[in-house]
Amino acid sequence: MAKNVKRKDFISTGLVAQNRRANFDYQINEKFVAGLELTGTEVKSLRLGHANINDAYGIERNGEIFMSNMYIAEYESKGYSSHAEKRDRKLLLTKKEIITIINELSRKGSTLVAIRLFFDEKGRAKLEIGLGVGKKLYDKRETAKDRDWARDKRNIMKNFK
């Protein structure tokens, strides 16, 4: 284990990283849960919660889907080998899902964005990804207006009772 890290600090199941701006910047049409092809030091670093997926996006290469620009910090007690922090990581999806994603990515303005990174109940690293289209400024304003109205409506109903 790493220096000054206790067993209770490791994440065995649950959320590691989340992209909170994904739903604000993109209109997500379809979501998928994909496995990740990782090295040992990457998994150990993820268990410590050292990841950032805010700038991650999906690309297609040779009929496979890769997540690019996803940051996983170096593991402190790495020994003689380590991993590149921002390398392209292969997503493990079914053939049907890959075909759907490739067809959607071929359309203009469509993108594949990382939503959240987590460990499932079996302890495997999973990445929730979404196919979407980037929002314009007026769409973002409308989203903020709807969110504000929903909050005001809750407050009105709470005070009304």
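The model is predicted, so local features are reported only at pLDDT of at least 70 and side-chain atom pairs only at pLDDT 80 or more, while totals for chains, interfaces and linings use all residues. Residues are numbered from 1 along each chain as its sequence is written, and side-chain values use heavy atoms, with hydrogens and water left out.

Start with β4 and β5. Helices (H or I, at least four residues) and strands (E, at least two) are DSSP runs, numbered from the N terminus. Strand β4 covers residues 57-61 and strand β5 covers residues 64-68. They pair in the antiparallel sense, over five bridges. Pairing here requires that DSSP finds at least two bridges between two strands.

N62 is not a glycine. It is exposed, at 73% relative accessible area. Here buried means under 20% relative accessible area, exposed means over 50%, and partly exposed lies in between (1.4 Å probe, protein chains only). N69 also is not a glycine and has a positive phi, about 65°. N69 sits in the loop between β5 and β6. With 25% relative accessibility, N69 counts as partly exposed.

Now move to the interior. A nonpolar core is a set of buried Ala, Val, Leu, Ile, Met, Phe, Trp, Tyr and Cys residues joined through side-chain atoms within 4.5 Å. The largest one has 27 residues. L91, L93, I101, L117, L127 and I129 have the most contacts inside it. Six elements each supply at least two residues of this core: β1 (14-18), β2 (26-36), β5, α3 (95-105), β8 (110-119) and β9 (125-134). In soluble globular proteins, nonpolar side chains tend to be buried together.

Take L127 as an example. Contact means heavy atoms within 4.5 Å. Leaving aside neighbours within four places in sequence, L127 touches residues including F32, V33, I53, M67, L91 and L117. R116 is also among its contacts.

Which residues of helix α2 are buried? In this helix, residues 40-47, they are T41, E42, S45 and L46. They cover an arc of only 140° around the axis, so they lie on the same side of α2. The arc is that of the directions from the helix axis to the C-beta atoms. The cover over these buried residues includes β1, β3 (51-52), β6 (71-72), β7 (89-92), β8 and β9. After α2 comes G49, with a positive phi near 85°.

Finally, the charged pairs. A salt bridge is a side-chain nitrogen of Lys or Arg within 4 Å of a carboxyl oxygen of Asp or Glu. The count by this rule is ten.

R116 forms a salt bridge with E128, at 2.6 Å between the closest N and O atoms. That pair links strand β8 to strand β9, twelve residues apart. R116 is partly exposed at 31% relative accessibility, whereas E128 is buried at 12%.

R21 and D25 form another salt bridge, with the closest N and O atoms 3.0 Å apart. R21 is partly exposed at 48%, and D25 is buried at 18%. R21, D25 and K140 are linked in a network of salt bridges.
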